[in-house]
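Here's a structure to explore together. Have a look at it first, and then we'll walk through it bit by bit.

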Amino acid sequence: MNTSQDARKYAPATQRNRQPILEILLQVLPPNGTILEIASGTGEHAIFFAPRLSPRCWLPSDPNPELRASIAAWAEHFPCDHLYHPIELDAIQPNWPVETDQSRDDSPIVAIVNINMIHISPWSACLGLMAGAGRILPPGGILYLYGPYKQGGEHTAPSNVAFDESLRAQNPEWGVRNLEDVVVVANQENLHLKGTYQMPANNLSVVFQRSL
């Protein structure tokens, strides 16, 4: 939902998961450079992470114009020198605008963050995300994913079973992904699993690193 005063939208889960996610990001991200967020959604993560991850810069993106407006509105309320204006980017597309944009050459993209996307989108979005990360991340660059996963083809909690069923009822192409399947696709793009971390509400942080 959004208020009548401005374009800001709200995602309640953001308030619950942002601090645990930040703690992992502080451990795994390179010490400087630009962090590209894919599917930034409301922008609440962006305005929380950007000042706390300084001197890194945070570049939010989303294919939805209403969500980009929400990100911009949040940024107006919580300005930060290390937060870029949101860009239009659809992970499924074979070319991303950041691949030809030279405006951030002084702070190149060194990591990609993607929170709660691949289960609420077609599998092609995961494939596109991995392909894009493989194209633009430098050797040693980090891809960070957050969300629920099956492991060994099995759900890790009853709540994830119900969540998966609700997602598939909304769209048969959605659903909680099998972690091993995601790892296979990542490996094909020279992204190798660096670690997984247990997170609140039966979610995982999954960290990949671009091959050196």
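This is a predicted model: local features need pLDDT of at least 70, side-chain atom pairs count only at pLDDT 80 or more; totals for chains, interfaces and linings use all residues.

Residues are numbered from 1 along each chain as its sequence is written, and side-chain values use heavy atoms, with hydrogens and water left out.

Let's start with empty space. Rolling a probe the size of a water molecule over the atoms shows where such space is left. On a 1 Å grid over the protein atoms alone, a pocket is an open set of points with protein on both sides within 12 Å along at least five of seven lines, while a cavity is a set where a 1.4 Å probe fits but cannot get out; lining residues have an atom within 4 Å of a point. Grid points are joined across faces, edges and corners, and a volume is the space filled by probe spheres set on the points.

The largest pocket has a volume of about 790 Å³. Of its 37 lining residues, Ala39, Ile115, Asn116, Met117 and Ile120 are the closest to its centre. Helix H1 (12–28), strand S1 (34–38), helix H2 (44–52) and helix H5 (158–170) are the elements that give two or more residues to this lining. (Helices, H or I with at least four residues, and strands, E with at least two, are DSSP runs numbered from the N terminus.) H1 supplies the largest share, four residues. What does the lining look like by class? It has 18 nonpolar, 14 polar and five charged residues. Here Ala, Val, Leu, Ile, Met, Phe, Trp, Tyr, Cys and Pro count as nonpolar, Asp, Glu, Lys and Arg as charged, and the others, Gly among them, as polar.

The second largest pocket comes in at about 190 Å³. Its lining includes Val98, Glu99, Asp101 and Arg104, and splits into four nonpolar, one polar and four charged residues.

The volume of the largest cavity is about 40 Å³, and among the residues lining it are Asn114, Asn116, Met117 and Tyr149. Strand S4 (residues 142–147) gives the most to that lining, with three residues. By class, the cavity's lining has six nonpolar, four polar and no charged residues.

Next come the salt bridges, where a side-chain nitrogen of Lys or Arg lies within 4 Å of a carboxyl oxygen of Asp or Glu. The structure holds five of them. One joins arginine 68 and glutamate 88, at 3.8 Å from N to O. This pair links distant parts of the chain, 20 residues apart: arginine 68 sits in helix H3 (residues 65–77) and glutamate 88 in the loop between H3 and strand S3 (109–115). Are the two partners buried or exposed? Arginine 68 counts as buried at 17% relative accessibility, whereas glutamate 88 is exposed at 52%; buried means under 20% relative accessible area, exposed over 50%, and partly exposed in between (1.4 Å probe, protein chains only).

Another salt bridge pairs glutamate 99 with arginine 135, their closest N and O atoms being 2.9 Å apart. Glutamate 99 lies in the loop between H3 and S3 and arginine 135 in helix H4 (residues 123–136), so the bridge ties together parts that are 36 residues apart in sequence. Glutamate 99 is partly exposed at 32%, and arginine 135 is partly exposed at 35%.

Arginine 168 is partly exposed at 33%, but aspartate 164 is buried at 7%.

Stay with H5 for a moment. Asn160, Asp164 and Leu167 are buried there. Seen down the helix axis, the buried residues of H5 fall within an arc of 65 degrees, so they line one face; the arc is that of the directions from the helix axis to the C-beta atoms. The face turned away from the buried side carries the exposed residues Pro158, Glu165 and Ala169.

Our last stop is asparagine 32, in the loop between H1 and S1. Asparagine 32 is partly exposed, at 46% relative accessible area.
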